[in-house]
Amino acid sequence: MAVTTYIGTRNKELTASASEAILRGICPDGGLYIPKEIPKMDVQPEVLMQMDYRELAFAVLRLYLDFTEEELRDCINRAYDEKFDTEAIAPLVKKGDALFLELFHGRTLAFKDMALSILPYLMKTAAKRQGQKEEIVILTATSGDTGKAALEGFANVDGVKIMVFFPEDGVSPVQKLQMTTQEGENTCVVGIKGNFDDAQSAVKRMFTDEKLQEALAAKGYRFSSANSINIGRLVPQIVYYYWAYIQAVQAGEIAWGDKLNATVPTGNFGDLLAGWYAARMGLPIGHFVCASNDNKVLYDFFRTGTYDKNRPFYVTVSPSMDILISSNLERLLCHMGGQDKTKAEMAALQANGVYQTDITQTDISAEYATQEETFAAIREVYAKTGYVIDPHTAVAYAAYRKYRQESGDQTPMVIVSTASPYKFTKDVMTALDARYANGDAFALMQELENVSKISIPAPIRGLKDRPIRHTRVCEKENIQDTVKEWLLS
Ligand SMILES: *Cc1c(COP(=O)(O)O)cnc(C)c1O
C-alpha cells in the first residue's frame with residue numbers, strides 16, 4: 001500500500017510528505033496536517049496477533065511515514081526499549097469490569113512517552129531525508145506531561161534545542177519538579193503566569209510568524225513542534241489502540257472482529273483522534289467516550305454542535321486536561337466537513353471564541369466528571385479491586401460509568417490510562433482518605449506505595465533531592481521575548 005501524504009485542514013492545496021509535515025509541525029496558514037487518505041491496515045489479524053509492540057508499530061507506521069524500512073525500524077527499536085519498565089510497553093489489565101490500558105510505563109510516567117519516545121528519531125530521520133541543515137528548535141506548550149516527556153526525549157539530542165512553557169500554577173508538584181530539574185544543555189524550561197491555552201496560543205503564533213522565523217533562520221535555527229499538532233506525535237499513538245485490541249483478544253475478553261469500546265480522558269484530543277484513526281483503518285472499535293473534567297468544552301460540543309471557549313477556566317485535579325482550545329478537534333472537523341468549513345470555523349474561534357457545526361457524530365459520545373466524581377472513582381476502583389488509578393484515568397472511569405448507565409451499551413470497555421498515580425500522589429491519597437489533604441506530595445509517595453503495593457517508579461525516586469536547574473518565569477505576553485532571549489542573544 002502506498003504511504004499517505006498530508007494536506008492542510010484549512011487549505012487542501014497545502015500538501016506535504018510525512019517528513020515535511022513532521023519538520024514543519026503546523027501548516028504555513030496555521031492549519032494542521034491530516035492524512036490525505038486514512039490507510040487501511042493490510043496485515044491479516046492472525047499475523048498481527050503474533051506481533052510484539054515493535055513489530056506492530058512497524059505495521060502501522062509504515063502506512064503513514066515516507067521512511068525506508070531500515071530507517072523506520074531503527075526509530076522504533078530505539079524508542080520502545082528498556083526505557084519502558086515492562087516488556088509489554090503498554091499492558092492491558094483487567095480490574096473489575098473494565099480493561100485499563102496502561103500507557104504510563106515510560107520514563108516520565110505519562111502516556112506522552114508513547115509518542116515522545118519516538119518523535120526525536122522521526123524528526124532526525126525527516127531532517128536527513130529533507131536535507132535540512134538548520135538546527136531544530138522544539139517549542140512546546142505543556143499542561144504538565146508533554147513538557148517532561150518532550151524534554152526527556154530531546155535532552156542531549158545533537159542538532160536539537162528544546163524549550164518548554166508550562167503554567168506556573170497549573171501543574172502538580174511532581175510534574176513541576178520533573179521539569180525544573182531537567183538536565184541537558186539544550187533544554188530550557190519556563191513557567192508562565194497564565195494557563196495552557198495561553199502557552200499553546202503563543203507557541204502556535206510563533207510557528208506562523210515570518211519575521212521571527214527569518215531572525216531564527218539567520219542564526220541557523222528552525223522551529224518544530226512536539227505538541228500533538230505535529231503528526232509525528234499523533235501517528236505513533238494509533239499503535240496502542242491496535243495493541244489494546246490484540247491484548248483483549250489474547251486475554252479472551254473478545255474474539256477478533258468483536259467490537260471493543262474505548263473511553264479516553266481528553267484535553268487536546270490527540271489521544272482520542274489517534275483511536276479514531278485506528279477505527280478508520282479497520283480496527284473494530286465500536287464507540288468512543290470522550291471524557292472531560294470541569295473544563296467540559298468538548299462535552300458541550302459533542303452534545304450541542306457548538307464549540308464555545310468563552311467560559312471560566314478551572315484548575316482541576318486532572319491538570320493535563322485543563323484545556324479550552326482543543327487543537328486536534330480541528331482535524332476531526334476537517335475529516336468530516338472538509339477544508340472550507342473548517343477554515344471558517346477556526347476563523348470564528350479565533351475572532352469570537354465560538355463556532356457552530358452541523359456535524360452529527362455517531363461514534364463519539366461525551367461525558368464529564370467533577371472533582372467529587374473523580375475522587376469517588378478513585379475510591380470505588382480501589383475499594384472493589386485494590387487498584388489505584390490517577391485522577392485523569394479516574395475522570396475516564398467516571399465517564400465510562402455514566403456512559404454505560406445512559407446507553408445500556410455492554411460492549412467491553414478499554415479505559416485509556418494516561419498517567420501513573422505517582423504523578424499525583426496528593427490528590428490520589430486525598431481521594432482515598434481525606435486526612436492526607438494536608439500531606440506533602442513527596443512524603444505521600446511512600447504512603448501510596450503501601451496502599452497500592454506497587455513500588456515507587458524509578459524515574460521519580462529521589463526527585464525531591466535533585467537540583468533545580470530551571471527558574472525562569474515569564475508573563476504570558478512575554479513568551480516570544482523569552483524565546484528570542486534564549487536563542488538569539
Ligand atoms: C495529555 C494528557 C491527557 C490528554 O490527552 P490529549 O491527547 O491532549 O487529549 C490526558 N491525561 C494525561 C495524563 C495527559 O498527560
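Predicted model: local features only at pLDDT ≥ 70, side-chain atom pairs only at ≥ 80, totals over all residues.
Close-up 1. Strand β10 spans residues 260-265 and is mostly covered, with six of its six residues buried. Leu260, Ala262 and Val264 point one way from β10, whereas Asn261, Thr263 and Pro265 point the other way, and all of them are buried.

**Close-up 2. The β-α-β unit that contains β10 and β11.** Strand β10, helix α12 (residues 270-280) and strand β11 together make a right-handed β-α-β unit. Within this unit, β10 pairs with β11 (residues 285-292) in the parallel sense over five bridges, and Leu260 has Ile285 as its bridge partner in β11.

**Close-up 3. The open sheet of six strands.** The strands of this open sheet follow the order β4-β5-β15-β10-β11-β14, and their pairing is mixed. Strands β4 (92-95) and β14 (364-368) stand at the edges, and because each has a single partner strand, one side of each is left without a neighbour in the sheet. From one strand to the next, the twist averages 25°.

**Close-up 4. The largest pocket and its lining.** The volume of the largest pocket is about 670 Å³. It is lined by 28 residues, of which Ser201, Lys204, Ile325, Leu349 and Gln350 are the closest to its centre. The elements that give two or more residues to this lining are α9 (196-207), α14 (329-337) and α15 (339-352), and α9 gives the most, with six residues. Divided by class, the residues of the lining of the largest pocket are 10 nonpolar, eight polar and 10 charged.

**Close-up 5. The second largest pocket and its lining.** The second largest pocket has a computed volume of about 270 Å³. Among the 19 residues that line the second largest pocket, those closest to its centre are Phe104, His105, Ser420, Pro421 and Ile454. The lining of this second largest pocket comprises 10 nonpolar, six polar and three charged residues.

Technical notes
Residues numbered from 1 in each chain as written. Heavy atoms only, no water. 1 Å grid on protein atoms, 1.4 Å probe; cavity = no way out; pocket = protein on both sides within 12 Å on 5 of 7 lines; lining within 4 Å. Points joined across faces, edges and corners; volume = space filled by probe spheres on them. Helix = DSSP H or I, 4+ residues; strand = E, 2+ residues; numbered from the N terminus. Nonpolar A, V, L, I, M, F, W, Y, C, P; charged D, E, K, R; others polar. Buried < 20%, exposed > 50% of the residue type's maximum accessible area, 1.4 Å probe, protein only. Pairing = 2+ DSSP bridges. Right-handed = clockwise from strand over helix to strand, strands pointing away. Axes fitted to C-alpha atoms, helices over the stretch in contact; angles between N-to-C directions.
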